[in-house]
Amino acid sequence: MAKPDGQFRVVFTARDYEKAVDFYRRGLELPLDHDWDYAPDDRGTVLLAGGGLIEIFGTDSDATYVPPRGVSLLIEVEDVDRWHRLAVERGLKVVQPPQDFPWGQRILRLEDPDGIMESLFTPIPAPNSVD
């Protein structure tokens, strides 16, 4: 059983390590937890993402790159419309502009350099919800 106060990390190996780190650090402004660069085949970055962590590894030069599949991340932000404007300004790949969903979220969908879907959302009142 997972520890209630333990860490949660999403970990993936990037095709282009620098592009992936730039997407999350500059594009999404996720703060750095820590990183390492011991050798060309031994480097990584851990970023803070709400209550979890995103850990990015560089591709081992001897390994065959396998793109992540079926992975998507949902990150809560204060103003999803502001993030849409920033994403466009920063040249991030917008898959879906902000849209309201009946479960009470306004969601912007982006795609990172490795094809991972990033959904940024802001809570909104759900239709027919009782506050």
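Me: Helices here are DSSP runs of H or I with at least four residues, and strands are runs of E with at least two. This is a predicted model. By that rule, how many helices and strands does the chain have?

Reply: Two helices and eight strands. Along the sequence they follow the pattern β-α-β-β-β-β-α-β-β-β. For overall dimensions, the C-alpha trace spans about 55 × 40 × 25 Å along its principal axes.

Me: OK, aromatics next. How many aromatic pairs does a search of the whole structure find?

Reply: The search turns up four aromatic pairs. One of them is Phe12 with Tyr24, whose ring centres are 6.1 Å apart.

Me: What makes Phe12 and Tyr24 a pair, and why is the pair called tilted?

Reply: Check the distance, then the angle. Centres have to lie within 6.5 Å, and 6.1 Å passes that test. Stacked needs planes under 30 degrees apart and edge-to-face needs over 60. The planes of Phe12 and Tyr24 are at 55 degrees, so the pair ends up as tilted.

Me: Which parts of the chain does that pair link?

Reply: Distant ones: Phe12 is in strand S1 (residues 9–13) and Tyr24 is in helix H1 (residues 17–27), twelve residues apart. Phe12 and Tyr24 are both buried.

Me: How do you know whether Phe23 and Tyr24 are buried or exposed?

Reply: Buried means under 20% relative accessible area. Phe23 has 5% relative accessibility, so Phe23 is buried. Tyr24 has a relative accessible area of 0%, so Tyr24 is buried too. The buried residues of H1 are Tyr17, Ala20, Val21, Phe23, Tyr24 and Gly27.

Me: What reaches the backbone nitrogen of Glu18 at the start of H1?

Reply: A side-chain oxygen of Asp16, which comes to within 3.3 Å of that nitrogen. The cut-off for a polar contact is 3.5 Å, so the Asp16 to Glu18 distance passes.

Me: What makes Glu29 stand out?

Reply: Glu29 has a positive phi of about 60 degrees although it is not a glycine. Most residues other than glycine have a negative phi.

Me: Why does Glu29 count as partly exposed?

Reply: Partly exposed covers values between the 20% cut-off for buried and the 50% cut-off for exposed. Glu29 has 39% relative accessibility, so Glu29 falls in that range.

Me: What makes you say a charge sits over the ring of Trp83?

Reply: The charged end of Arg82 is 5.5 Å from the centre of that ring. For this label, CZ of Arg has to be within 6 Å of the ring centre and within 35 degrees of the ring normal. The 5.5 Å passes the distance part, and Arg82 is listed as sitting over the ring of Trp83.

Me: Last topic, the largest pocket. How much space lies in it, and which residues line it?

Reply: About 150 Å³. The lining residues include Phe8, Val10, Ala49, Leu53, Ile54 and Leu73. Strand S4 (52–57) and strand S5 (72–76) are the elements that give two or more residues to the lining. S5 has the largest share, four residues.

Me: Why does the lining come out as eight nonpolar, two polar and one charged residues?

Reply: Gly counts as polar and Glu as charged. Gly50 and Gly52 are in the lining, and so is Glu76. With those classes, the lining has two polar, one charged and eight nonpolar residues.

Conventions
Residues are numbered from 1 along each chain as its sequence is written. This is a predicted model: local features need pLDDT of at least 70, side-chain atom pairs count only at pLDDT 80 or more; totals for chains, interfaces and linings use all residues. Side-chain values use heavy atoms; hydrogens and water are left out. Rings of Phe, Tyr and Trp (its six-membered ring) pair if their centres lie within 6.5 Å; planes under 30 degrees apart count as stacked, over 60 as edge-to-face and the rest as tilted. Buried means under 20% relative accessible area, exposed over 50%, partly exposed in between (1.4 Å probe, protein chains only). On a 1 Å grid over the protein atoms alone, a cavity is a set of points where a 1.4 Å probe fits but cannot get out, and a pocket is an open set with protein on both sides within 12 Å along at least five of seven lines; lining residues have an atom within 4 Å of a point. Grid points are joined across faces, edges and corners, and a volume is the space filled by probe spheres set on the points. A polar contact is a pair of N or O atoms within 3.5 Å; within protein, one must be able to donate a hydrogen and the other to accept it, and residues adjacent in sequence count only if both atoms are side-chain atoms.
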